[in-house]
Amino acid sequence: MKQVKAVAGMVMIIFLLCSLAGLSSAETDQHGTHKVEPGTPKTSSTKRMALNLPPAAQEGLKLTMREHLEAIDAIVAALAREDFAKAAILANEELGFPKHHMAMQREEGATFPSAYHELAMAHHKAAEDLGAVIPTKDLKQILPHLEQTLHACVKCHQVFRLKE
Ligand code: HEC
């Protein structure tokens, strides 16, 4: 029961993180001229770099991103059910390096800044580290890796956006 409660807590944190992840902050970061206020989430207080991808690559990236969010949702749901085997498969296959190859196909050879590539690699690595620790069935080990996996999403959203 304790474990289920801990996972339910994580679900709340994930919702919070996703709303901080730049997905709803367009109203504050359009001009990049406002002053940085202490305590404001970074995403809304810094100017993010635009990727300016060709339209098809942009749609491909957005599709991958929505699947990332669904994957995290499914991982947390599996952990809540204590279905560790399923959670590990999802972490490895839906967020790990295999997903990178699918993402690249969808982005149709578009070029990305090297910083973007590094953040993408760090995110796949964090997910595979999570996948490796899930079979321990020990939430004390799993939750910090789940947090790092989410943090890798947030870090990239703080730096990059699709368009000016
Ligand atoms: C290497 C960079 C990077 C990583 C890592 C990353 N994203 Fe994104 N994501 C982006 C960019 C860029 C956008 C477009 C944001 C914008 O233009 O404001 C985006 C947009 C999104 C969107 C909106 C999609 C849409 O249809 O508009 C969701 C949802 C999302 N990301 C979820 C996630 C989740 C969940 C993770 C982690 C499991 C993640 N992303 C990891 C770069 C990244």
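This is a predicted model: local features need pLDDT of at least 70, side-chain atom pairs count only at pLDDT 80 or more; totals for chains, interfaces and linings use all residues.
User: Which residue places a polar backbone atom 2.7 Å from an oxygen atom of the ligand?
Analyst: Arg66 uses a polar side-chain atom, which lies 2.8 Å from an oxygen atom of the ligand. The 2.7 Å distance, by contrast, runs from an oxygen atom of the ligand to a polar backbone atom, and the residue that supplies this backbone atom is Leu162.

User: Which element gives the most residues to the shell around the ligand?
Analyst: The shell holds 21 residues, and the closest of them include Met65, Cys153 and Cys156. By class, the shell divides into 14 nonpolar, three polar and four charged residues. The element that gives the most, with six residues, is helix 3.

User: Are helix 3 and helix 7 roughly parallel or roughly antiparallel?
Analyst: The two helices pack with their axes 12 Å apart, at an angle of about 165°. Angles over 145 degrees count as roughly antiparallel, and therefore the relation of helix 3 to helix 7 is roughly antiparallel.

User: How many nonpolar residues are in the contact of helix 3 with helix 7?
Analyst: Helix 3 passes helix 7 in a left-handed crossing. On the side of helix 3 the contact is made by Met65, Ile72, Ile75, Val76 and Leu79, which meet Ile142, Leu146, Thr149, Leu150 and His157 in helix 7. Sorted by class, this contact has no charged residues and two polar ones, while its count of nonpolar residues is eight.

User: Are helix 4 and helix 5 roughly parallel or roughly antiparallel to each other?
Analyst: Helix 4 covers residues 84-95 and helix 5 covers residues 97-106, and their axes lie 4 Å apart at an angle of about 30°. Angles under 35 degrees count as roughly parallel, and therefore these two helices are to each other roughly parallel.

User: How many charged residues are in the contact of helix 4 with helix 5?
Analyst: From helix 4 come Asn92, Glu93, Glu94 and Leu95, and they meet Phe97, Pro98 and Lys99 in helix 5. The contact has three nonpolar residues and one polar residue, and its number of charged residues is three.

Key: Residues are numbered from 1 along each chain as its sequence is written. Side-chain values use heavy atoms; hydrogens and water are left out. A residue is near a molecule or strand if one of its heavy atoms lies within 4 Å of it. A polar contact is a pair of N or O atoms within 3.5 Å; within protein, one must be able to donate a hydrogen and the other to accept it, and residues adjacent in sequence count only if both atoms are side-chain atoms. Ala, Val, Leu, Ile, Met, Phe, Trp, Tyr, Cys and Pro count as nonpolar, Asp, Glu, Lys and Arg as charged, and the others, Gly among them, as polar. Axes are lines fitted to C-alpha atoms, for helices over the stretch in contact, and angles run from 0 to 180 degrees between N-to-C directions. Angles under 35 degrees count as roughly parallel, over 145 as roughly antiparallel, 65 to 115 as roughly perpendicular and the rest as oblique. A crossing is left-handed if the near helix is turned anticlockwise from the far one by less than a right angle, and right-handed if clockwise. Contact means heavy atoms within 4.5 Å.
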